[in-house]
Amino acid sequence: MKIIIINGPNLNLLGVREKSVYGNKSFEDYFKELKLKHSDLDLEYYQSNVEGELINKLHEVGFSYDGIILNAGAYTHTSVAISDAVAAIKTPVVEVHISNIHAREEYRHLSLITANCAGMITGFGLKGYEMALYYLKDC
C-alpha cells in the first residue's frame, strides 16, 4: 500500500512550537519511527506552509495512492479550496489533528474539510496519524 501524510502550515515546527499543545517531538523523528513500525507500507511525507502547494500535492497523489492522511493545520478552518481538492480526488483521505480542535478556540471547531474525508481523528497527539494508518490498511 502506498500512503502519504500531508501536513499543512506550521507543522514543520513540531517539537519547537507550543510544546504543551503539540509535544516535543519533531514530525521527522516521529515519521522515522512510523516507517519502521509499518515497514509493510510504502509511506511518504509531505509538508508545506502554502495552500496551493497542498492542493497540487492532493491532485498529484489523489488518483494513484491508496490513502492520504491530511493535517491541513489552520487551513482546515478556512480553505474551501483544499476541501474542494479532497472532494475531487478518488483516494480516501483521513483528516488528522494533533490537538483536540473542539477543545480549543471556537474558530477551530469547524472543519471545512471533514465532509469530504472518510473521517477525522482529533486530539490523540501524533498517535492520530498511526490510527489513520490502521483505518487505511483496513479499507
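Is Lys57 buried or exposed? Lys57 is buried, at a relative accessible area of 15%. Buried means under 20%, exposed over 50%, and partly exposed in between, with a 1.4 Å probe and protein chains only.

This is a predicted model, in which local features need pLDDT of at least 70, side-chain atom pairs count only at pLDDT 80 or more, and totals for chains, interfaces and linings use all residues. Residues are numbered from 1 along each chain as its sequence is written, and side-chain values use heavy atoms, with hydrogens and water left out.

Stay with Lys57. Its charged end sits over the ring of Tyr46, 4.8 Å from the centre. For this, NZ of Lys or CZ of Arg must be within 6 Å of the ring centre and within 35 degrees of the ring normal. Lys57 also meets Glu60 in a salt bridge, 3.3 Å from N to O. A salt bridge puts a side-chain nitrogen of Lys or Arg within 4 Å of a carboxyl oxygen of Asp or Glu. Both residues lie in helix H3 (residues 51–61), 3 residues apart, about one turn of the helix. Helices (H or I, at least four residues) and strands (E, at least two) are DSSP runs, numbered from the N terminus. Glu60 is exposed, at 52%.

The whole structure holds 6 salt bridges. One joins Lys37 and Glu130 at 2.9 Å, N to O. Lys37 is in helix H2 and Glu130 in helix H5, so this pair ties together parts that are 93 residues apart in sequence. Lys37 is exposed, at 51%, while Glu130 is buried, at 4%. Lys127 also bridges to Glu130, with the closest N and O atoms 3.0 Å apart. Shared partners join Lys37, Lys127 and Glu130 into one network.

Now turn to the aromatic rings. The search finds 6 aromatic pairs. Rings of Phe, Tyr and Trp (its six-membered ring) pair if their centres lie within 6.5 Å; planes under 30 degrees apart are stacked, over 60 edge-to-face, and the rest tilted. Phe27 and Tyr45 have centres 4.5 Å apart and planes at 35°, so they are tilted. Phe27 lies in helix H2 and Tyr45 in strand E2, so the pair ties together parts 18 residues apart in sequence. Phe27 is buried, at 0%; Tyr45 is partly exposed, at 22%.

Phe27 also belongs to the largest nonpolar core, of 21 residues, where Phe27, Ile69 and Tyr129 touch the most other members. Such a core joins buried Ala, Val, Leu, Ile, Met, Phe, Trp, Tyr and Cys residues through side-chain atoms within 4.5 Å.
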